[in-house]
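Here is a short report for a reader who is new to this structure. Please look over the chain below before reading on.

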Amino acid sequence: QVQLIESGGRLVQAGGSLRLSCEASGRSFSSDAMAWFRRAPGKEREFVARISWSGSSIRYAGSVKGRFTISKDNAKNTVYLQMNSLKPEDTAVYYCAADVGSTYNYVYWGQGTQVTVSS
């Protein structure tokens with residue numbers, strides 16, 4: 001059974017930092033791109049960041065560029081999201097997703113981890 005399990009979300013003050021982790025099990029994702037999405041209360045799910053299987057290609061949403069860093073450890077089958085200079089508008093449930101075959105088809109999703117940024 002394939003699972004993506006996110007962790008690291010918690011309450012943090014504005015300006016603070018968090019590192020989210022997404023550990024995969026049941027299948028290796030070393031050949032797949034991985035991504036982070038988020039859903040804020042009352043809003044649609046939105047893209048946050050994506051990293052190619054090799055780590056050589058990375059994209060960020062404009063709202064997080066320069067503050068967030070996505071990385072991938074294929075040996076640990078884990079993807080990370082380092083979030084710095086957090087803002088209250090970053091408050092959301094954060095989800096990781098696996099883009100099997102790197103075709104922008106996100107087949108596997110985690111259950112999400114809550115990030116709350118207080119002002």
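In what order do the four strands of the open sheet run, and is the pairing parallel or antiparallel? The order is β1-β3-β8-β7, and the pairing is antiparallel. Strands here are DSSP runs of E with at least two residues, and helices are runs of H or I with at least four; both are numbered from the N terminus. Two strands pair if DSSP finds at least two bridges between them.

This is a predicted model, in which local features need pLDDT of at least 70, side-chain atom pairs count only at pLDDT 80 or more, and totals for chains, interfaces and linings use all residues. Residues are numbered from 1 along each chain as its sequence is written, and side-chain values use heavy atoms, with hydrogens and water left out.

β1 pairs with strand β3 (residues 18-25) over five bridges, in the antiparallel sense. One detail of β3: Ser25 is the bridge partner of Gln3. Strands of a sheet pair through backbone hydrogen bonds, either parallel or antiparallel.

**The core**

Which residues have the most contacts inside the largest nonpolar core? They are Trp36, Leu81, Met83 and Tyr94, in a core of 27 residues. The elements that give two or more residues to this core are β3, β4, β5, β7, β8, β9 and β11 (113-118). A nonpolar core is a set of buried Ala, Val, Leu, Ile, Met, Phe, Trp, Tyr and Cys residues joined through side-chain atoms within 4.5 Å. Buried means under 20% relative accessible area, exposed means over 50%, and partly exposed lies in between (1.4 Å probe, protein chains only).

Met83 has a list of contacts (heavy atoms within 4.5 Å). Not counting residues up to four places away in sequence, Met83 touches Gly16, Ser17, Leu18, Leu20, Arg67, Phe68, Tyr94 and Val115.

**Salt bridges**

How many salt bridges does a search of the whole structure find? The search finds five. A salt bridge is a side-chain nitrogen of Lys or Arg within 4 Å of a carboxyl oxygen of Asp or Glu. Side chains of opposite charge can pair when their charged atoms come close. The table gives some of these pairs.

| Salt bridge | Closest N and O atoms |
|---|---|
| Asp32 and Arg27 | 2.6 Å |
| Asp90 and Arg38 | 2.9 Å |
| Arg67 and Asp90 | 2.7 Å |

Asp90 and Arg38 form a salt bridge. This pair links distant parts of the chain: Asp90 is in the loop between β8 (78-83) and β9 (92-99), Arg38 is in strand β4 (residues 33-39), and they are 52 residues apart. Both Asp90 and Arg38 are buried.

Arg67 also forms a salt bridge with Asp90. Arg67 lies in the loop between β6 and β7 (68-73) and Asp90 in the loop between β8 and β9, so the pair ties together parts that are 23 residues apart in sequence. Arg67 and Asp90 are both buried. A network of salt bridges links Arg38, Glu46, Arg67 and Asp90.

Arg27 is partly exposed at 28%.

**Loop residues**

Thr91 is in the loop between β8 and β9. Thr91 is buried, with a relative accessible area of 17%. Its side chain reaches the backbone oxygen of Pro88 at 2.9 Å. The Thr91 side chain also reaches the backbone nitrogen of Val117 at 2.9 Å. Leaving aside neighbours within four places in sequence, Thr91 contacts Ala40, Pro41, Gln114, Val115, Thr116 and Val117.

Most residues other than glycine have a negative phi. Asn77 is not a glycine, yet has a positive phi of about 55°. Asn77 sits in the loop between β7 and β8, and is buried at 16% relative accessible area. Tyr104 has a positive phi too, near 60°. Tyr104 is in the loop between β9 and β10 (106-109), and is partly exposed at 48%.

How values were computed. Polar contact = N/O pair within 3.5 Å; in protein donor to acceptor, adjacent residues only side chain to side chain.
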